[in-house]
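Subject: Handing over a structure

Hi,

Here is the structure I promised to pass on. Have a look first, then read my notes on its cavities and pockets below.

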Amino acid sequence: MTTSLTHRFAAAIVASAPSDAAVDAARLAILDLLACTLGGADDRSTGILAGTLGANTGPSVLIGRTERADPFTAALINGHAGHVLDYDDVHASVRGHPTVVILPALLALAGTRPVAARDLIGSYIVGLEAMARLGLALGSRHYETGFHATATLGTVGAAAAVAHLLRFSPETTVVALGLAATQSAGLRLQFGYDAKPLHAGLGARAGLTAALLAESGLSGAPDFLGGPIGFLDAFGFGATVPERLLAGWGAPWQILTPGLTLKAFPCCTAAHPVAVGALALRDADGLRPEAVEAVTLTFPPGGDAALVVSRPGTGIEARFSPEYIFAAALTDGALGIGHFDERPVRPDLAGLAARVSRRHDDTAPRLSSDPATRFVVLDVTLTDGRTVSRRIEGLPGLSDAGPKFRDATGDAESFAEIPDLVARMSDADDLARLLALLGQSRS
């Protein structure tokens, strides 16, 4: 008898054994996410969640805060905090942010029972594989139609990771995945608002909830992927490629190929090539704001779908504005967290951003999970009539999360042990030590 795609998906999740190379990549990603979460722990919106949801007692830590919470609340708050700066990693197959949904669910669970660090790392890799493969199978129209893939795919990725960690049978995993998928939600219209990072937290909580309900015996549909009202058809809008879900599973692991991009700038990934181009124009060509008459940014079709703001009023909105990001990078020669906080945008940056427009190269391939389809061309007309241009392809990224971690923690001695611990942690005692260190106030 032919088994369903859902059952084969679940069987792959259960049977997975990540490679040593994948584990090494995961350690780097974990440290990067912890840096982002510690950096977001004191954010105004993180405080709203902690206060509103009653985060006072419980077995699970709130990263960078002294409160504790039940695992479901901890997963939500830590997921939100990890994404609130928009500084966390991205993955081309997901077209979103996998670690910020998967890791908070696993860490919240680890507060409730002994978990070996090596097992948590392996399950994180498997959850990422599941989330990325689902993104490949859905195709591009899911995101372009308006869904935020971090949230919609993250529920399933988090559930898959927990199912692997708890060694569920394929049958229980099927139920967990289906319960996660039926909670999938999140719209890109929330970009630039507090609700955007909330998506990551909601996805983490939903995935953890789904897995633990399945473990307890709650039932659900036996095939969430297939059929005319299954997840793929309902969310794929005619662009699905179901065979991409399992073909070549773990060979290589998605965390290795195409791999994660660790963000170099605390803003929307789609604008990072713009930042690189602006910095190159400043540093290599000596360009300064006063010499700029007009700028045109050219993207591939769909290349700026996430960049929903052109004229931001605040730094938070500016995270999704390539016009502002060009202006800030060219003017200040760097992009830091301070460029993207809740304060109104500086008048000088708003003035330069108003001289920036964007267009699409309709002859280029549409942006897809293939990194070769991502580019931006920056054409600058100078006040003296001359022109200068830069083309940036692919995404910039970091290979070392250490400096980012030290910046996020202010080089605080209380967190100094964490990078070395993440690099070597293996058993349950190591993970317990990490959780104890994380459960300290950042301020």
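**The second largest pocket**

Let's start here: 17 residues line the second largest pocket, and S93, G135, G139, S140 and S369 are the ones nearest its centre. The pocket's volume is about 210 Å³. Its lining splits into eight nonpolar, seven polar and two charged residues.

Before going on, a word on the model. It is a predicted one, where local features need pLDDT of at least 70 and side-chain atom pairs count only at pLDDT 80 or more, while totals for chains, interfaces and linings use all residues. Residues are numbered from 1 along each chain as its sequence is written, and side-chain values use heavy atoms, with hydrogens and water left out.

And the terms:

- On a 1 Å grid over the protein atoms alone, a cavity is a set of points where a 1.4 Å probe fits but cannot get out; a pocket is an open set with protein on both sides within 12 Å along at least five of seven lines; lining residues have an atom within 4 Å of a point.
- Grid points are joined across faces, edges and corners, and a volume is the space filled by probe spheres set on the points.
- Helices (H or I, at least four residues) and strands (E, at least two) are DSSP runs, numbered from the N terminus.
- Ala, Val, Leu, Ile, Met, Phe, Trp, Tyr, Cys and Pro count as nonpolar, Asp, Glu, Lys and Arg as charged, and the others, Gly among them, as polar.

**The largest pocket**

This one holds about 460 Å³ of space. It has 32 lining residues, and V90, R95, T269, R374 and L395 sit closest to its centre. At least two lining residues come from each of β3 (90-91), α13 (255-259) and β4 (260-261). By class, you'll find 13 nonpolar, 13 polar and six charged residues in the lining.

**The cavities**

There are two cavities of 30 Å³ or more. The largest has a volume of about 90 Å³ and 14 lining residues, with V84, Y193, P197, I316 and R319 nearest its centre. α3 (44-52) and α11 (195-215) are the elements giving two or more residues to its lining. Seven of the lining residues are charged, five nonpolar and two polar.

The second largest cavity comes in at about 40 Å³. Its lining includes A270, P273, F299 and R374, and divides into seven nonpolar residues, one polar and one charged.

Cheers
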